[in-house]
Amino acid sequence: MENISPKYFRENIRRSLLDEKLRLNVKKATELTLLKRKSVIEDFDEWELLREKAHHIRKNAIDNLDYYLELFENKCRDNGVQVMRATNGEDAYVLINEILRNISAKLVVKSKSMVTEEIQLNEQIEQAGVEVIETDLGEYIIQLAGETPSHITAPALHKSREEIGKLFSEKLGLPYSSDPTVLTGYARNILREKFLNADAGISGANFLIAETGTIVLVENEGNARLSTTIPKIHIVITGIEKVVPSVDEALLLLKLLPTSATGQKITSYVSFINKPKRPNDIDGPEKIFVILLDKGRRKLLKNPETNSALYCIKCGACMNICPVYQSVGGHAYDSVYPGPIGSILTPAMSSFCNGKDLAFGSSLCGACTEICPVKINIHHTLLWIRSQAVERSYTPFIEKLLFRVWRRVMQNVFLYNLSSKIMHFLQPLMLQDGLKVHGWLAYKNIPELAEKSFHEIWESELSK
Ligand code: SF4
């Protein structure tokens, strides 16, 4: 059940750094998205003001989570939508299984949902003998490949179109092509059939509007709309943090989400789902169920140092800009949520011991904080997690010793000058690869030391 457990982070990083193709795919995709985002943001006069407002909207929603959740639940009931709560993945699965059993479901279509990845829902449903088909193109590719998403908004970002063409040809027996139009056509033909025959559709939610009991979904392919309108049953499974107080506030967040996620002013489809099909409606589900999942979110909420991670609107921009994510890709994190925000969510949602290493996979450059549309202070939170790892004695003895020595040296002029001289002496050995350096230094070029230290230059300037 636990898919949030990055046990092999260090080994994965090593492997990813040696995979030139993977690194190229990830870099190309993230840089392209960042360029698109930049050009769209130039059209916003008040981008910073919007971010500020979005921060306060999310803060208010999370600070008053129980109030808004209750309001949302009541409005849903008024609208004829059934709402249930699940503490963990097992609870959610029991609820979903019962709904599917009651309609003797054989086929379920799913639109993209990271929450279902959290609880590995597909495997659970398949074990009950029900076929589950991912209908988002990226998710469909990942499902065919038997992999997990490597990015929260672009799940197959690590794959080139040639790799996707090969995958389609191997798994679907179709003629090889690397043309995106041809590949999309292949997927469309197969998925259209599945939509028409599905017994139930499962989706996540981008926002839950408390004042109206509305479920908001954004997407570009129309697959979410088909998944939620053609089958007789629509099941929404989402995290409790997705609630926002009002329609106006959801609309403001809707300006920031696609811009940050894909560099679009608005996605091709935005669905506001309020109620099941009425007698005179020509389409729509007969029943809608909403499952609100906790799974570690309340634990996160209780900690004032990390609870702002719940403001996240899952745009993925912090991943795109992160130099570490760009270098190793999402699978290296071995967690549902990779990148900077994943490094905060993961230790909170699994165990601190399992997830803490991710916080060390950051240069702390602050680019994630700068790009975040809801102004989460991501790099400071990562620093706090690191401090906790040190306080709880999770860091290796040799690292602690080195930092103790470093502190002594930095506090003593004589030792500082002496160490500077020793480094100058050792430098030729290091630059010529004469020393075998392990750990992260094995992948880094050691910068050449200046001939004179700042201290020496300062002294000589003073003596002139
Ligand atoms: S932390 Fe911010 S930038 Fe990262 S995914 Fe969430 S909203 Fe987007």
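Q: Which residues of H19 are buried?
A: The buried residues of H19 are Ile378, His379, Thr381, Leu382, Ile385, Arg386, Gln388 and Ala389. Buried means under 20% relative accessible area, exposed means over 50%, and partly exposed is in between, with a 1.4 Å probe and protein chains only. Helices are DSSP runs of H or I with at least four residues, strands are runs of E with at least two, and both are numbered from the N terminus.

Q: What kind of model is this?
A: This is a predicted model, in which local features need pLDDT of at least 70, side-chain atom pairs count only at pLDDT 80 or more, and totals for chains, interfaces and linings use all residues. Residues are numbered from 1 along each chain as its sequence is written, and side-chain values use heavy atoms, with hydrogens and water left out.

Q: Back to H19. What covers its buried residues?
A: The cover includes helix H14 (317–321), helix H16 (339–349), helix H17 (352–355) and helix H18 (367–371). Cover here goes by contact, that is, heavy atoms within 4.5 Å.

Q: How does the span of H19 agree with 1.5 Å a residue?
A: Helix H19 has 14 residues, 378–391, and should span 20 Å; its end C-alpha atoms are 20 Å apart, so the two agree. The expected span is 1.5 Å times one less than the number of residues.

Q: And just after H19, which residue takes a positive phi?
A: Ser393, with a phi of about 60°.

Q: What about the loop between H18 and H19, which residue lies there?
A: Lys375 is one of the residues in that loop. Lys375 has a positive phi of about 55°, although it is not a glycine. Lys375 counts as partly exposed because its relative accessibility is 30%.

Q: Which residues are around the ligand?
A: Cys312, Ile313, Lys314, Cys315, Gly316, Cys318, Ile341, Cys372, Pro373, Val374, Ile376 and Ile378.

Q: Where does the ligand sit?
A: In the largest cavity. A cavity is a set of points, on a 1 Å grid over the protein atoms alone, where a 1.4 Å probe fits but cannot get out. A molecule sits in one if more than half of its atoms lie within 2 Å of its grid points.

Q: New topic: H5. Which of its residues are buried?
A: Gly89, Ala92, Tyr93, Leu95, Ile96, Asn97, Ile99 and Leu100 are the buried residues of H5. Their cover includes strands S1 (82–86), S2 (107–110), S4 (200–203), S7 (233–239) and S10 (287–293), along with helix H7 (121–127). Helix H5 runs over residues 89–102 and reaches 20 Å from first C-alpha to last, close to the 20 Å expected.

Q: And H12, which residues are buried there?
A: Ala250, Leu252, Leu253, Leu254, Leu256, Leu257, Pro258, Thr259, Ser260 and Ala261. The 16 residues of H12 (247–262) should span 22 Å, and the end C-alpha atoms are 23 Å apart, which agrees. Just after H12, Gly263 takes a positive phi of about 70°.

Q: What is Lys36 in contact with?
A: Leaving aside neighbours within four places in sequence, Lys36 is in contact with Thr262 and Gly263. Lys36 is found in helix H2 (residues 20–41), and counts as partly exposed because its relative accessibility is 40%.

Q: Where does Glu147 lie?
A: In the loop between helix H8 (137–145) and helix H9 (161–172). Glu147 has a relative accessible area of 30%, so Glu147 is partly exposed. Beyond the neighbours within four places in sequence, Glu147 is in contact with Ile142, His158, Lys159 and His331. Glu147 and His331 are 184 residues apart in sequence, and 9.3 Å apart in space, C-alpha to C-alpha.

Q: Last one: Leu196, exposed or buried?
A: Exposed, because Leu196 has 57% relative accessibility. Leu196 is in helix H10 (residues 180–197).

Methods: Near = heavy atom within 4 Å. 1 Å grid on protein atoms, 1.4 Å probe; cavity = no way out; pocket = protein on both sides within 12 Å on 5 of 7 lines; lining within 4 Å.
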